[in-house]
Amino acid sequence: MDHFQYRDGRLCAETVDMARIADDVGTPFYCYSTATLVRHYRVFAEALAGLDATICYSVKANGNIAVVRTLGRLGAGADVVSGGELTRALAAGIPADKIVFSGVGKTESEMAQALAAGVMQINVESEPELELLSQVAVARGTGARVAIRINPDVDAQTHEKITTGRSENKFGIEWTRAREICNRATAMPGITIVGLAVHIGSQLTDLEPFRDAYGRMRDLVAMLRADGQTIETLDLGGGLGIPYGDAVAPAPAEYGAVVRQVVGDLECRLIVEPGRLIVGNAGVLVSRVVYVKEGATRTFVILDAAMNDLVRPALYDADHTIIPVLEPAADAPMAEVDVVGPVCETGDTFATQRSLPPVAAGDLVVMRTAGAYGAVMASLYNARSLVPEVLVNGGDYAVVRGRIGVDDILARETLPGWLDDDDPAMRRTGG
Ligand code: LLP
(Lines give C-alpha, C1' and ligand atoms only; values in the text may rest on other atoms or scores of the structure.)
Protein backbone atom coordinates (compact mmCIF):
# COMPACT_ATOMS: atom_id res chain seq x y z
CA MET A 1 0.00 0.00 0.00
CA ASP A 2 1.23 3.49 -0.74
CA HIS A 3 0.16 7.03 0.05
CA PHE A 4 -0.39 8.27 -3.51
CA GLN A 5 -4.17 8.25 -3.74
CA TYR A 6 -6.94 10.33 -5.26
CA ARG A 7 -8.66 12.75 -2.89
CA ASP A 8 -11.64 14.63 -4.27
CA GLY A 9 -10.62 13.63 -7.75
CA ARG A 10 -7.00 14.85 -7.51
CA LEU A 11 -3.96 12.69 -6.99
CA CYS A 12 -2.28 13.52 -3.71
CA ALA A 13 0.98 12.51 -2.13
CA GLU A 14 -0.20 11.94 1.43
CA THR A 15 -2.38 15.06 1.77
CA VAL A 16 -0.54 17.28 -0.71
CA ASP A 17 -2.09 17.92 -4.11
CA MET A 18 0.37 16.72 -6.73
CA ALA A 19 -0.62 19.53 -9.10
CA ARG A 20 0.39 22.07 -6.48
CA ILE A 21 3.89 20.60 -6.28
CA ALA A 22 4.07 20.54 -10.09
CA ASP A 23 3.22 24.26 -10.23
CA ASP A 24 5.85 24.94 -7.63
CA VAL A 25 8.84 22.92 -8.89
CA GLY A 26 7.99 22.35 -12.57
CA THR A 27 7.83 19.00 -14.33
CA PRO A 28 9.16 16.38 -14.48
CA PHE A 29 10.01 15.69 -10.85
CA TYR A 30 10.29 12.75 -8.50
CA CYS A 31 8.00 12.75 -5.50
CA TYR A 32 8.57 10.53 -2.44
CA SER A 33 6.20 9.86 0.45
CA THR A 34 7.52 9.67 3.99
CA ALA A 35 4.47 7.76 5.25
CA THR A 36 5.04 5.10 2.57
CA LEU A 37 8.75 4.81 3.39
CA VAL A 38 7.91 4.39 7.07
CA ARG A 39 5.19 1.87 6.36
CA HIS A 40 7.38 -0.27 4.11
CA TYR A 41 10.26 -0.20 6.54
CA ARG A 42 8.02 -1.21 9.42
CA VAL A 43 6.31 -4.02 7.50
CA PHE A 44 9.71 -5.43 6.56
CA ALA A 45 11.09 -5.05 10.09
CA GLU A 46 7.96 -6.74 11.45
CA ALA A 47 8.53 -9.68 9.08
CA LEU A 48 11.89 -10.26 10.76
CA ALA A 49 10.78 -9.50 14.31
CA GLY A 50 12.39 -11.70 16.93
CA LEU A 51 15.39 -12.50 14.75
CA ASP A 52 18.77 -10.91 15.43
CA ALA A 53 18.60 -8.97 12.16
CA THR A 54 19.95 -5.60 11.06
CA ILE A 55 18.24 -3.93 8.11
CA CYS A 56 20.92 -2.26 6.02
CA TYR A 57 18.93 -0.26 3.46
CA SER A 58 20.51 -0.55 0.03
CA VAL A 59 21.45 3.03 -0.78
CA LYS A 60 21.80 2.29 -4.50
CA ALA A 61 18.01 2.10 -4.83
CA ASN A 62 17.55 5.72 -3.79
CA GLY A 63 20.47 7.60 -2.30
CA ASN A 64 18.81 10.92 -1.59
CA ILE A 65 20.04 11.85 1.88
CA ALA A 66 16.55 12.89 3.03
CA VAL A 67 15.27 9.42 2.12
CA VAL A 68 18.24 7.69 3.74
CA ARG A 69 17.92 9.81 6.89
CA THR A 70 14.20 9.05 7.13
CA LEU A 71 15.06 5.35 7.17
CA GLY A 72 18.04 5.85 9.47
CA ARG A 73 15.75 7.45 12.05
CA LEU A 74 13.67 4.28 12.00
CA GLY A 75 16.77 2.27 12.83
CA ALA A 76 18.08 1.31 9.40
CA GLY A 77 21.74 0.84 8.64
CA ALA A 78 23.02 1.02 5.09
CA ASP A 79 24.43 -1.18 2.35
CA VAL A 80 26.78 0.83 0.13
CA VAL A 81 28.68 -0.10 -3.02
CA SER A 82 30.95 2.85 -3.65
CA GLY A 83 32.87 5.55 -1.85
CA GLY A 84 30.18 7.95 -3.02
CA GLU A 85 27.41 5.91 -1.43
CA LEU A 86 29.43 5.62 1.77
CA THR A 87 29.75 9.42 1.82
CA ARG A 88 25.99 9.70 1.26
CA ALA A 89 25.11 7.24 4.02
CA LEU A 90 27.35 9.06 6.50
CA ALA A 91 25.99 12.45 5.38
CA ALA A 92 22.50 11.11 6.06
CA GLY A 93 23.58 10.25 9.60
CA ILE A 94 23.83 6.46 9.36
CA PRO A 95 26.36 5.33 11.98
CA ALA A 96 29.43 3.73 10.39
CA ASP A 97 29.02 0.63 12.51
CA LYS A 98 25.70 -0.05 10.74
CA ILE A 99 27.16 0.23 7.24
CA VAL A 100 28.09 -2.74 5.05
CA PHE A 101 30.41 -2.04 2.12
CA SER A 102 29.59 -4.37 -0.80
CA GLY A 103 30.59 -4.39 -4.47
CA VAL A 104 32.70 -6.33 -6.91
CA GLY A 105 35.28 -3.68 -7.81
CA LYS A 106 36.27 -1.71 -4.72
CA THR A 107 39.31 0.44 -5.34
CA GLU A 108 42.20 0.96 -2.96
CA SER A 109 40.96 4.43 -2.04
CA GLU A 110 37.43 3.14 -1.40
CA MET A 111 38.87 0.50 0.92
CA ALA A 112 40.88 3.13 2.76
CA GLN A 113 37.75 5.31 3.04
CA ALA A 114 35.72 2.40 4.43
CA LEU A 115 38.41 1.51 6.98
CA ALA A 116 38.83 5.14 8.02
CA ALA A 117 35.08 5.46 8.53
CA GLY A 118 35.01 2.24 10.58
CA VAL A 119 32.27 0.40 8.68
CA MET A 120 30.66 -2.67 10.22
CA GLN A 121 32.01 -5.02 7.57
CA ILE A 122 33.40 -5.17 4.07
CA ASN A 123 31.93 -7.86 1.82
CA VAL A 124 34.77 -9.23 -0.30
CA GLU A 125 34.08 -10.85 -3.65
CA SER A 126 37.41 -12.17 -4.97
CA GLU A 127 40.91 -13.24 -3.99
CA PRO A 128 42.62 -10.21 -5.56
CA GLU A 129 40.26 -7.99 -3.59
CA LEU A 130 41.15 -9.86 -0.40
CA GLU A 131 44.85 -9.38 -1.05
CA LEU A 132 44.50 -5.66 -1.74
CA LEU A 133 42.33 -5.17 1.33
CA SER A 134 44.93 -6.95 3.45
CA GLN A 135 47.62 -4.55 2.17
CA VAL A 136 45.45 -1.47 2.71
CA ALA A 137 44.50 -2.58 6.22
CA VAL A 138 48.13 -3.30 7.16
CA ALA A 139 49.31 0.04 5.73
CA ARG A 140 46.68 1.88 7.78
CA GLY A 141 47.22 -0.19 10.89
CA THR A 142 43.46 -0.92 11.06
CA GLY A 143 42.09 -4.42 10.82
CA ALA A 144 39.32 -5.11 8.30
CA ARG A 145 36.19 -7.01 9.32
CA VAL A 146 35.38 -9.10 6.28
CA ALA A 147 32.48 -11.19 5.07
CA ILE A 148 33.09 -13.37 2.05
CA ARG A 149 30.38 -12.94 -0.55
CA ILE A 150 29.41 -16.32 -1.89
CA ASN A 151 28.13 -17.04 -5.37
CA PRO A 152 25.74 -19.93 -4.63
CA ASP A 153 25.01 -20.71 -8.31
CA VAL A 154 21.27 -20.27 -7.86
CA ASP A 155 19.06 -18.82 -10.57
CA ALA A 156 16.97 -16.00 -9.09
CA GLN A 157 14.40 -16.26 -11.92
CA THR A 158 14.49 -12.54 -12.57
CA HIS A 159 15.52 -10.28 -15.46
CA GLU A 160 18.92 -11.41 -16.72
CA LYS A 161 20.46 -7.95 -16.21
CA ILE A 162 19.77 -8.06 -12.48
CA THR A 163 20.47 -11.70 -11.69
CA THR A 164 23.69 -12.01 -9.69
CA GLY A 165 23.92 -15.46 -8.13
CA ARG A 166 24.67 -17.77 -11.06
CA SER A 167 28.17 -19.10 -11.61
CA GLU A 168 28.51 -17.14 -14.87
CA ASN A 169 27.79 -13.84 -13.08
CA LYS A 170 30.67 -11.63 -11.94
CA PHE A 171 29.63 -11.60 -8.30
CA GLY A 172 30.98 -13.44 -5.28
CA ILE A 173 33.29 -16.36 -4.77
CA GLU A 174 32.00 -19.68 -6.04
CA TRP A 175 30.48 -21.60 -3.18
CA THR A 176 32.63 -24.65 -3.83
CA ARG A 177 35.74 -22.61 -2.98
CA ALA A 178 34.39 -20.89 0.12
CA ARG A 179 36.29 -23.12 2.52
CA GLU A 180 39.63 -22.72 0.78
CA ILE A 181 39.29 -18.94 0.49
CA CYS A 182 38.15 -18.44 4.08
CA ASN A 183 41.07 -20.50 5.34
CA ARG A 184 43.48 -18.48 3.20
CA ALA A 185 41.93 -15.23 4.34
CA THR A 186 42.31 -16.13 7.99
CA ALA A 187 46.06 -16.26 7.51
CA MET A 188 46.23 -12.84 5.85
CA PRO A 189 47.44 -9.92 7.95
CA GLY A 190 44.83 -7.26 8.64
CA ILE A 191 41.90 -9.50 7.71
CA THR A 192 39.36 -10.85 10.20
CA ILE A 193 36.70 -13.07 8.74
CA VAL A 194 33.45 -12.27 10.53
CA GLY A 195 30.90 -13.81 8.25
CA LEU A 196 29.45 -14.71 4.88
CA ALA A 197 27.26 -12.78 2.46
CA VAL A 198 25.01 -13.64 -0.46
CA HIS A 199 22.80 -11.69 -2.86
CA ILE A 200 21.32 -13.53 -5.82
CA GLY A 201 19.52 -10.76 -7.66
CA SER A 202 16.88 -8.09 -7.61
CA GLN A 203 13.12 -8.05 -8.17
CA LEU A 204 12.64 -11.70 -7.13
CA THR A 205 8.99 -12.64 -7.24
CA ASP A 206 9.50 -16.27 -6.29
CA LEU A 207 10.77 -17.25 -2.84
CA GLU A 208 12.26 -20.61 -3.81
CA PRO A 209 15.58 -19.17 -5.08
CA PHE A 210 16.00 -17.43 -1.70
CA ARG A 211 15.32 -20.73 0.02
CA ASP A 212 17.90 -22.51 -2.13
CA ALA A 213 20.58 -19.85 -1.70
CA TYR A 214 20.04 -19.51 2.04
CA GLY A 215 20.11 -23.30 2.42
CA ARG A 216 23.51 -23.34 0.74
CA MET A 217 24.70 -20.60 3.11
CA ARG A 218 23.47 -22.59 6.06
CA ASP A 219 25.57 -25.56 4.99
CA LEU A 220 28.61 -23.35 4.46
CA VAL A 221 28.27 -21.74 7.90
CA ALA A 222 28.24 -25.21 9.49
CA MET A 223 31.22 -26.34 7.45
CA LEU A 224 33.31 -23.26 8.21
CA ARG A 225 32.49 -23.38 11.89
CA ALA A 226 33.64 -26.99 11.91
CA ASP A 227 36.93 -25.68 10.48
CA GLY A 228 37.22 -23.37 13.48
CA GLN A 229 36.10 -20.16 11.76
CA THR A 230 34.03 -17.68 13.73
CA ILE A 231 31.02 -16.89 11.58
CA GLU A 232 29.20 -14.15 13.47
CA THR A 233 27.31 -12.48 10.66
CA LEU A 234 25.30 -13.76 7.74
CA ASP A 235 24.36 -11.14 5.15
CA LEU A 236 21.33 -12.34 3.19
CA GLY A 237 21.38 -9.53 0.61
CA GLY A 238 18.31 -7.78 -0.77
CA GLY A 239 16.21 -8.59 -3.77
CA LEU A 240 12.65 -9.12 -2.62
CA GLY A 241 10.45 -8.02 -5.51
CA ILE A 242 7.48 -5.66 -5.55
CA PRO A 243 4.41 -5.50 -7.80
CA TYR A 244 4.94 -3.47 -10.97
CA GLY A 245 1.92 -3.11 -13.23
CA ASP A 246 -0.29 -6.13 -12.65
CA ALA A 247 2.51 -8.39 -11.39
CA VAL A 248 2.31 -9.96 -7.97
CA ALA A 249 5.11 -10.32 -5.44
CA PRO A 250 5.45 -12.22 -2.18
CA ALA A 251 4.58 -10.41 1.05
CA PRO A 252 7.51 -9.51 3.31
CA ALA A 253 6.03 -11.83 5.96
CA GLU A 254 6.40 -14.79 3.57
CA TYR A 255 10.02 -13.84 2.96
CA GLY A 256 10.53 -13.51 6.72
CA ALA A 257 9.16 -17.02 7.17
CA VAL A 258 11.75 -18.40 4.74
CA VAL A 259 14.55 -16.60 6.58
CA ARG A 260 13.30 -17.95 9.90
CA GLN A 261 12.95 -21.51 8.60
CA VAL A 262 16.27 -21.74 6.82
CA VAL A 263 18.75 -19.66 8.83
CA GLY A 264 16.81 -18.52 11.90
CA ASP A 265 18.54 -20.90 14.29
CA LEU A 266 22.14 -20.41 13.14
CA GLU A 267 22.99 -17.99 15.91
CA CYS A 268 24.34 -15.54 13.40
CA ARG A 269 23.63 -11.85 13.44
CA LEU A 270 21.64 -11.56 10.23
CA ILE A 271 22.01 -8.61 7.86
CA VAL A 272 19.43 -7.88 5.17
CA GLU A 273 19.85 -5.33 2.40
CA PRO A 274 16.45 -4.41 0.96
CA GLY A 275 16.33 -1.52 -1.48
CA ARG A 276 13.44 -1.68 -3.90
CA LEU A 277 11.02 -3.11 -1.35
CA ILE A 278 11.44 -0.07 0.89
CA VAL A 279 11.50 2.76 -1.64
CA GLY A 280 9.97 1.43 -4.88
CA ASN A 281 6.35 2.24 -4.15
CA ALA A 282 7.28 5.24 -2.04
CA GLY A 283 8.11 7.29 -5.13
CA VAL A 284 6.53 8.43 -8.38
CA LEU A 285 7.73 10.37 -11.39
CA VAL A 286 5.41 13.25 -12.24
CA SER A 287 5.34 14.49 -15.79
CA ARG A 288 3.28 16.67 -18.10
CA VAL A 289 1.87 15.68 -21.48
CA VAL A 290 3.52 17.84 -24.14
CA TYR A 291 1.58 16.58 -27.17
CA VAL A 292 -0.81 13.88 -28.17
CA LYS A 293 0.28 12.87 -31.64
CA GLU A 294 -1.76 10.75 -34.02
CA GLY A 295 0.78 8.59 -35.88
CA ALA A 296 0.07 6.42 -38.90
CA THR A 297 -0.72 3.35 -36.81
CA ARG A 298 -0.46 4.52 -33.21
CA THR A 299 -1.39 7.36 -30.91
CA PHE A 300 1.62 8.74 -29.06
CA VAL A 301 1.30 10.50 -25.73
CA ILE A 302 4.51 12.51 -25.61
CA LEU A 303 5.62 13.44 -22.09
CA ASP A 304 8.17 15.90 -20.81
CA ALA A 305 9.82 13.02 -18.92
CA ALA A 306 12.16 10.74 -20.81
CA MET A 307 14.37 7.69 -20.58
CA ASN A 308 17.12 9.82 -19.06
CA ASP A 309 14.82 10.48 -16.07
CA LEU A 310 13.54 6.91 -15.69
CA VAL A 311 15.55 4.37 -17.65
CA ARG A 312 13.92 1.20 -16.29
CA PRO A 313 11.41 0.65 -19.14
CA ALA A 314 14.18 1.06 -21.74
CA LEU A 315 16.72 -1.05 -19.86
CA TYR A 316 14.65 -3.81 -18.30
CA ASP A 317 11.32 -3.56 -20.16
CA ALA A 318 9.88 -2.48 -16.81
CA ASP A 319 6.16 -1.88 -16.54
CA HIS A 320 5.39 1.28 -14.55
CA THR A 321 1.69 1.99 -14.08
CA ILE A 322 0.75 5.38 -15.53
CA ILE A 323 -2.19 7.35 -14.15
CA PRO A 324 -3.46 10.90 -14.67
CA VAL A 325 -3.28 13.37 -11.78
CA LEU A 326 -6.93 14.32 -12.32
CA GLU A 327 -8.99 11.24 -11.56
CA PRO A 328 -10.76 10.01 -14.69
CA ALA A 329 -14.47 9.35 -14.60
CA ALA A 330 -15.29 5.72 -13.85
CA ASP A 331 -16.83 5.37 -17.32
CA ALA A 332 -14.08 7.29 -19.16
CA PRO A 333 -13.41 5.65 -22.53
CA MET A 334 -10.03 3.93 -22.56
CA ALA A 335 -7.73 4.12 -25.56
CA GLU A 336 -4.57 2.23 -26.45
CA VAL A 337 -1.62 4.62 -26.67
CA ASP A 338 2.16 4.57 -26.66
CA VAL A 339 3.55 6.72 -23.88
CA VAL A 340 6.90 8.14 -24.93
CA GLY A 341 9.46 10.78 -24.00
CA PRO A 342 11.07 13.45 -26.17
CA VAL A 343 14.53 11.84 -26.41
CA CYS A 344 15.71 11.01 -29.89
CA GLU A 345 15.55 7.23 -29.78
CA THR A 346 12.70 4.80 -30.13
CA GLY A 347 13.86 3.19 -26.89
CA ASP A 348 12.55 6.28 -25.13
CA THR A 349 9.20 4.57 -24.63
CA PHE A 350 7.53 4.16 -21.24
CA ALA A 351 4.62 2.02 -22.39
CA THR A 352 3.49 0.43 -25.64
CA GLN A 353 -0.18 -0.02 -26.50
CA ARG A 354 -1.18 0.90 -22.96
CA SER A 355 -4.83 1.34 -22.17
CA LEU A 356 -5.24 4.85 -20.70
CA PRO A 357 -8.14 7.21 -20.04
CA PRO A 358 -8.18 10.29 -22.26
CA VAL A 359 -5.24 12.67 -21.76
CA ALA A 360 -4.52 15.96 -23.47
CA ALA A 361 -1.55 18.29 -23.82
CA GLY A 362 -0.91 20.04 -20.51
CA ASP A 363 -2.30 17.20 -18.36
CA LEU A 364 -0.18 15.83 -15.54
CA VAL A 365 0.48 12.10 -15.36
CA VAL A 366 2.32 10.00 -12.83
CA MET A 367 4.49 6.95 -13.29
CA ARG A 368 4.16 4.82 -10.21
CA THR A 369 6.69 2.59 -8.48
CA ALA A 370 9.52 4.93 -9.45
CA GLY A 371 11.07 5.44 -6.02
CA ALA A 372 13.69 2.73 -6.55
CA TYR A 373 16.29 2.89 -9.32
CA GLY A 374 14.63 6.02 -10.72
CA ALA A 375 16.43 9.25 -9.84
CA VAL A 376 19.65 7.36 -9.03
CA MET A 377 19.91 6.03 -12.58
CA ALA A 378 19.06 9.32 -14.31
CA SER A 379 21.43 10.85 -16.83
CA LEU A 380 21.93 14.12 -18.63
CA TYR A 381 21.36 12.65 -22.11
CA ASN A 382 20.10 15.10 -24.73
CA ALA A 383 21.37 17.89 -22.43
CA ARG A 384 18.35 17.37 -20.24
CA SER A 385 18.34 18.02 -16.49
CA LEU A 386 18.56 15.82 -13.46
CA VAL A 387 15.05 16.59 -12.28
CA PRO A 388 14.08 17.81 -8.80
CA GLU A 389 13.29 15.37 -6.02
CA VAL A 390 10.53 16.26 -3.57
CA LEU A 391 9.81 14.60 -0.23
CA VAL A 392 6.29 14.81 1.19
CA ASN A 393 5.55 14.39 4.88
CA GLY A 394 1.85 14.59 5.76
CA GLY A 395 0.75 18.01 4.53
CA ASP A 396 4.30 19.33 4.05
CA TYR A 397 6.72 18.95 1.23
CA ALA A 398 10.28 19.99 0.54
CA VAL A 399 12.56 19.95 -2.49
CA VAL A 400 15.27 17.55 -1.31
CA ARG A 401 17.36 17.92 -4.44
CA GLY A 402 17.04 20.84 -6.76
CA ARG A 403 17.23 20.56 -10.52
CA ILE A 404 20.74 20.08 -11.94
CA GLY A 405 20.48 21.69 -15.35
CA VAL A 406 22.60 22.42 -18.36
CA ASP A 407 24.01 25.60 -16.79
CA ASP A 408 25.37 23.59 -13.86
CA ILE A 409 27.05 21.19 -16.27
CA LEU A 410 28.37 23.92 -18.58
CA ALA A 411 29.99 25.52 -15.54
CA ARG A 412 32.12 22.35 -15.26
CA GLU A 413 33.08 22.23 -18.96
CA THR A 414 36.04 24.20 -20.31
CA LEU A 415 37.46 24.86 -23.73
CA PRO A 416 41.12 23.86 -24.14
CA GLY A 417 43.46 26.70 -25.09
CA TRP A 418 43.57 25.73 -28.76
CA LEU A 419 39.82 26.11 -29.13
CA ASP A 420 39.42 29.22 -27.03
CA ASP A 421 38.92 32.33 -29.18
CA ASP A 422 39.97 34.53 -26.27
CA ASP A 423 43.24 32.69 -25.63
CA PRO A 424 46.24 34.89 -26.70
CA ALA A 425 48.26 31.82 -27.77
CA MET A 426 45.49 30.92 -30.18
CA ARG A 427 45.54 34.33 -31.80
CA ARG A 428 49.35 34.03 -32.28
CA THR A 429 49.11 30.75 -34.14
CA GLY A 430 46.06 31.90 -36.02
CA GLY A 431 44.36 28.67 -34.95
N1 LLP B 1 22.50 -5.92 -1.97
C2 LLP B 1 23.28 -6.04 -3.05
C3 LLP B 1 24.61 -6.62 -2.90
C4 LLP B 1 22.80 -5.62 -4.30
O5 LLP B 1 23.58 -5.77 -5.38
C6 LLP B 1 21.51 -5.07 -4.42
C7 LLP B 1 20.98 -4.62 -5.72
C8 LLP B 1 20.73 -4.94 -3.25
C9 LLP B 1 21.25 -5.40 -2.04
C10 LLP B 1 19.35 -4.35 -3.25
O11 LLP B 1 18.49 -5.09 -4.04
P12 LLP B 1 16.92 -4.78 -4.05
O13 LLP B 1 16.38 -5.10 -2.68
O14 LLP B 1 16.74 -3.34 -4.36
O15 LLP B 1 16.38 -5.66 -5.10
N16 LLP B 1 18.68 -1.14 -11.43
C17 LLP B 1 17.95 -2.39 -11.33
C18 LLP B 1 18.20 -3.09 -10.01
C19 LLP B 1 19.65 -3.35 -9.71
C20 LLP B 1 19.88 -4.02 -8.39
C21 LLP B 1 21.33 -4.11 -8.08
N22 LLP B 1 21.66 -4.67 -6.81
C23 LLP B 1 16.47 -2.12 -11.57
O24 LLP B 1 16.08 -0.96 -11.77
O25 LLP B 1 15.67 -3.05 -11.59
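User: Hi! How do the residues of the shell around the ligand divide into nonpolar, polar and charged?

Analyst: Hi there! This is a predicted model, and in it the shell has 5 nonpolar, 7 polar and 6 charged residues.

User: Thanks! Which of the residues around the ligand come nearest?

Analyst: Out of 18 residues around the ligand, the nearest are Ser202, Glu273, Arg312, Tyr316 and Tyr373.

User: And what does Arg276 do there, in terms of distance to an oxygen atom of the ligand?

Analyst: Arg276 has a polar side-chain atom 2.8 Å from a ligand oxygen. Gly239 also has an atom 2.8 Å from an oxygen of the ligand, but in that case a backbone N or O atom is involved. On the side chain of Asp79, an N or O atom lies 3.4 Å from a nitrogen atom of the ligand.

User: How much of the ligand does the protein bury?

Analyst: The protein buries 91% of the 590 Å² that the ligand exposes when taken alone.

User: OK, which pocket is the ligand's space?

Analyst: That space is the largest pocket.

User: Switching topic: what domains does the protein have?

Analyst: The domain assignment gives two entries: domain 1 covers 4-30 + 280-410, and domain 2 covers 34-276.

User: Where is the ligand relative to domain 1 and domain 2, and why?

Analyst: The ligand lies between them, because both domain 1 and domain 2 give residues to the shell around it.

User: How far apart are the C-alpha centres of the two domains?

Analyst: The centres of domain 1 and domain 2 are 32 Å apart.

User: And how many residues of each domain are in contact with the other?

Analyst: On the domain 1 side there are 23 residues, in contact with 22 residues of domain 2.

Conventions:
Residues numbered from 1 in each chain as written. Predicted model: local features only at pLDDT ≥ 70, side-chain atom pairs only at ≥ 80, totals over all residues. Heavy atoms only, no water. Near = heavy atom within 4 Å. Polar contact = N/O pair within 3.5 Å; in protein donor to acceptor, adjacent residues only side chain to side chain. Areas by Shrake-Rupley, 256 points an atom, 1.4 Å probe, with all protein chains shown as cover. 1 Å grid on protein atoms, 1.4 Å probe; cavity = no way out; pocket = protein on both sides within 12 Å on 5 of 7 lines; lining within 4 Å. Sits in = over half its atoms within 2 Å of the grid points. Nonpolar A, V, L, I, M, F, W, Y, C, P; charged D, E, K, R; others polar. Domains from an automatic or database assignment. Contact = heavy atoms within 4.5 Å.
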